[in-house]
Structures are given as structure tokens and as C-alpha cells.
Amino acid sequence: LVASLVQVEQTYIMVKPDGVQRGLVGEIISRFERKGFKLTGLKLFQCPKELAEEHYKDLKSKSFYPTLIDYITSGPVVWEGVGVVASARKLIGSTNPLQAEPGTIRGDLAVQTGRNVVHGSDSPENGKRETGRSGSIPDIVFLKHCFSCSALWFKEGELCEWTPAQAPWLM
Ligand code: RTP
């Protein structure tokens, strides 16, 4: 058994409806895979209004809130890894795609703030709130089972625990 001492985080990455409709799911997932993060949960579904309202409750006073709720409907994925929350935000780029750097997902693939193709948790705390997982999970070789969770976007049993088959260059 090999245990890892590094801090592992979880983030909730949502491919937003425009990303799904534009066929960018594979491209966005691919960027996180190539970066080296581990996919632990993936599902495609129509987001209920109540869930969208709970997810974006901090933005309730904003003028764009109603259109934001209308916009959000499907396609969440979860990634975990060392520093994945901050790293994912960099891969995603600025909220306004016109300010997002070339090379970032929004910088390369989006134009409008209201159609910015992807979401990423903005803190480890919100990563836990959105995925149901938190903190460092020992990286135990040969252990593979469904992980229990209950959070905004994932129900108990919807996240998996797995160890990459190859050498652990990446988390
Ligand atoms: P997200 O939560 O979706 O990852 O986005 P973020 O942190 O980069 O930006 P945030 O300020 O939390 O805004 C959440 C989402 O609301 C939409 N938005 N529209 N029309 C507007 O001025 C406006 N501002 C924000 C975007 O879809 C943004 O991602």
C-alpha cells in the first residue's frame, strides 16, 4: 500500500448548456485530462431550477440572475487533484471571455459572459459543497470502490474512488 501525503482537493466543473450544445464536452474534459487531473464523477442531466438557484444563491441580487438561472441546465463533471480548484480556474480563464487569456477554455472557446461554456468551483469549501468530497484522500493502490457523498450536484454513490494504473506522476 502506498499512501500519499499531499493535499487533494475536489472541484466541480460544469460544462454549461452552451458548451454541451456546441459539442465542447470532449474538448473541455480533454483539457483537464491532459493537465493530469483525475475524473471521479461524470453525469449529464437537465439541471432543475431549484438546484441552479441554490448553486448561484450568492448572485441572487444581481441583475443577470434570472437569465443565469435560465441558462444553466446540464452537464456536470468533477475532478480532483492537488491544487485543482485554483488550477481549474486558470484553465477556465476569466468570467468575461473577452478578458480571458488565449489558451484558456473561455479565452479560446467563448465570446459572451452569459455564454461562457464552463463553471469551476471557486474555493475548496465550495468544491466540497458542490461535489460532496473534501480534504486529502489517501491514494491507496488497488482500492477501488464507489465513494459515498451527498452534495449539491452529486448523490451518494455517484462519485468513484480509483487509482490510475500508471506510475503516479500526476494526482
Ligand atoms: P462560475 O461561477 O459560473 O464558474 O463563474 P465565475 O465564478 O467566473 O463568475 P461569477 O461572478 O460567479 O458569475 C457566475 C456566472 O454568471 C454569469 N454572469 N453573467 N451578464 C453578466 O454580467 C454576467 N455576469 C456573470 C456567467 O455565466 C458567470 O459564469
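Both faces of strand 1 are covered: Glu9, Thr11, Ile13 and Val15 are buried on one side, and Gln10, Tyr12 and Met14 are buried on the other. Seven of the seven residues of strand 1 are buried, so the strand is largely enclosed by the rest of the structure. The model is predicted.

**Strand 1 and its partners**

- Strand 1 pairs with strand 3 in the antiparallel sense, over six bridges.
- In that pairing, Met14 stands opposite Pro76 of strand 3.
- Strand 1 also runs antiparallel to strand 4 (residues 118–120), and three bridges join the two.
- Gly120 of strand 4 is the bridge partner of Ile13.

**Nonpolar core**

- The largest nonpolar core has 25 residues. Ile13, Trp79 and Val118 have the most contacts inside it.
- Strand 1 (9–15), helix 2 (25–35), strand 3 (76–81), helix 5 and helix 6 each supply at least two residues of this core.
- Helix 5 gives the largest share, five residues.
- In soluble globular proteins, nonpolar side chains tend to be buried together.
- Leaving aside neighbours within four places in sequence, Trp79 is in contact with Thr11, Ile13, Phe32, Phe37, Lys38, Leu39, Val84 and Ala88.

**Helix 7**

- Helix 7 spans residues 124–131, and its residues Gly127, Lys128, Glu130 and Thr131 are buried.
- The buried residues of helix 7 pack against strand 1, strand 2 (38–42), strand 3, helix 5 and strand 6 (159–161).
- Gly132 follows helix 7 and has a positive phi, near 95°.

**Ligand shell**

- The residues around the ligand are Leu59, Phe64, Leu68, Thr95, Thr113, Gly114, Asn116, His119, Gly120 and Asp122.
- This shell divides into three nonpolar residues, six polar and one charged.
- Leu59, one of the shell residues, lies in the loop between helix 3 (49–55) and helix 4 (65–71).
- Leu59 has 13 other C-beta atoms within 10 Å, so it counts as partly exposed.
- Beyond its neighbours within four places in sequence, Leu59 is in contact with Tyr65 and Leu68. Leu68 also belongs to the ligand shell.
- Leu59 and Glu80 are 21 residues apart in sequence and 26 Å apart in space, C-alpha to C-alpha.

**Annotated binding-site positions**

- An unreviewed UniProt entry lists Lys16, Phe64, Arg89, Thr95, Arg106 and Asn116 under "binding site".
- Phe64, Thr95 and Asn116 are among the residues around the ligand in this model.
- Arg89 sits in helix 5 (residues 84–92). Arg89 counts as partly exposed because it has 17 C-beta neighbours inside 10 Å.
- Leaving aside neighbours within four places in sequence, Arg89 is in contact with Gly120 and Asp122.
- Arg106 lies in helix 6 (residues 105–109). Arg106 is buried because 24 other C-beta atoms lie within 10 Å.

Definitions and conventions: Residues numbered from 1 in each chain as written. Predicted model: local features only at pLDDT ≥ 70, side-chain atom pairs only at ≥ 80, totals over all residues. UniProt positions renumbered as here; feature names shortened; annotations may be inferred. Helix = DSSP H or I, 4+ residues; strand = E, 2+ residues; numbered from the N terminus. Buried ≥ 20, exposed ≤ 12 C-beta atoms within 10 Å, placed from the backbone. Contact = placed C-beta atoms within 7 Å. Core = buried A, V, L, I, M, F, W, Y, C linked by C-beta atoms within 7 Å. Near = placed C-beta within 6 Å. Nonpolar A, V, L, I, M, F, W, Y, C, P; charged D, E, K, R; others polar. Pairing = 2+ DSSP bridges.
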